[in-house]
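This report describes a ligand site and several individual residues. Please keep the sequence and the model in view while reading.

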Amino acid sequence: MNIKVISYSFTGNNESLACSIAQELSAEHIKVSEPKPRTMGIIILDMLFKRIPRVQPTPEELNGYDLLLFLGPVWMGQVAAPLRSYLRHLKSHPANYAFISISGGADAGNGKLEGDLEKRTGIKPAAIIDLHIADLLPVSNKVERKDTASYKINNNDITKLTSITMTQLTSAIPRIKG
Ligand SMILES: Cc1cc2nc3c(=O)[nH]c(=O)nc-3n(C[C@H](O)[C@H](O)[C@H](O)COP(=O)(O)O)c2cc1C
């Protein structure tokens with residue numbers, strides 16, 4: 001299967017996971033970048049005003065693959081803004097895709113993700129894998145946003161998250177390793 005991994009990461013977590021999954025699948029991997037450095041203020045404005053930022057590479061790079069695997073953070077319950085132009089591209093260039101994220105998870109799940117993806121692409125994703133930093137932390141205390149906000153996943157986390165992701169991907173898309 002001809003697979004492309006497309007990742008965006010603000011603080012590094014989703015990039016680390018994307019590198020590991022791309023390696024596991026021997027897939028091509030592109031890292032999304034922006035012309036200007038992103039700030040927390042820009043994140044909030046993009047999400048509030050539903051903006052679609054300019055990114056590199058252009059969405060045409062996604063054409064011609066059997067499966068697109070998007071990885072990026074969840075911001076305010078939605079897919080991070082720098083992945084939006086790629087999702088919009090799928091409306092005119094339909095493709096099989098899945099969305100994977102290591103997000104905070106301090107407020108339980110991100111229940112609006114599926115609706116956000118379907119609205120943007122016009123296509124039901126083959127899989128949504130919503131992994132949470134909250135599940136990587138010790139269970140003794142109630143996890144709050146301040147606990148997850150600054151957490152950087154380590155090598156053990158990456159191994160664990162890659163294994164969970166591969167199990168879920170193989171179950172949702174049995175041909176993925178073919
Ligand atoms: C502005 C902002 C909003 C966020 N909103 C959510 C959210 O709605 N749900 C969630 O689970 N995590 C949320 N997070 C946490 C990130 O998804 C989490 O820190 C993620 O691991 C960051 O990924 P990255 O290192 O690849 O940028 C938010 C983080 C930021 C900065």
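## An exposed residue in a loop

Lys50 counts as exposed, because its relative accessibility is 55%; buried means under 20% relative accessible area, exposed over 50%, and partly exposed in between, with a 1.4 Å probe and protein chains only. Lys50 is found in the loop between α2 and β3. Its phi is near 55 degrees, a positive value in a residue other than glycine. Helices (H or I, at least four residues) and strands (E, at least two) are DSSP runs, numbered from the N terminus.

This is a predicted model, in which local features need pLDDT of at least 70 and side-chain atom pairs count only at pLDDT 80 or more, while totals for chains, interfaces and linings use all residues. Residues are numbered from 1 along each chain as its sequence is written, and side-chain values use heavy atoms, with hydrogens and water left out.

## Other backbone features

The loop between α2 and β3 (67–71) also holds Pro57. The peptide bond from Gln56 to Pro57 is cis, with omega near -5 degrees.

Met76 belongs to the loop between β4 and β5 (78–79). Its phi, near 50 degrees, is a positive value in a residue other than glycine.

## The ligand and its surroundings

Which residues are closest to the ligand? Among the 19 residues that surround the ligand, the closest are Ser9, Phe10, Thr11, Asn13 and Gly77; a residue is near a molecule if one of its heavy atoms lies within 4 Å of it. By type, the shell consists of nine nonpolar residues, 10 polar and no charged. Here Ala, Val, Leu, Ile, Met, Phe, Trp, Tyr, Cys and Pro count as nonpolar, Asp, Glu, Lys and Arg as charged, and the others, Gly among them, as polar.

In the side chain of Ser9, an N or O atom is 2.6 Å from an oxygen atom of the ligand. A ligand oxygen atom is also 2.9 Å from a polar backbone atom of Val74, and one is 2.9 Å from a polar backbone atom of Ile102. The elements that give two or more residues to the shell are α1 (13–25), α2 (40–48), β4 (74–75) and β6 (97–103).

## A buried residue after a helix

Is Ile173 buried or exposed? Ile173 counts as buried because its relative accessibility is 7%. Ile173 is placed in the segment after α6 (155–172). Ile173 and Ala127 are 46 residues apart in sequence, and their C-alpha atoms are 7.9 Å apart in space.

Conventions: A polar contact is a pair of N or O atoms within 3.5 Å; within protein, one must be able to donate a hydrogen and the other to accept it, and residues adjacent in sequence count only if both atoms are side-chain atoms.
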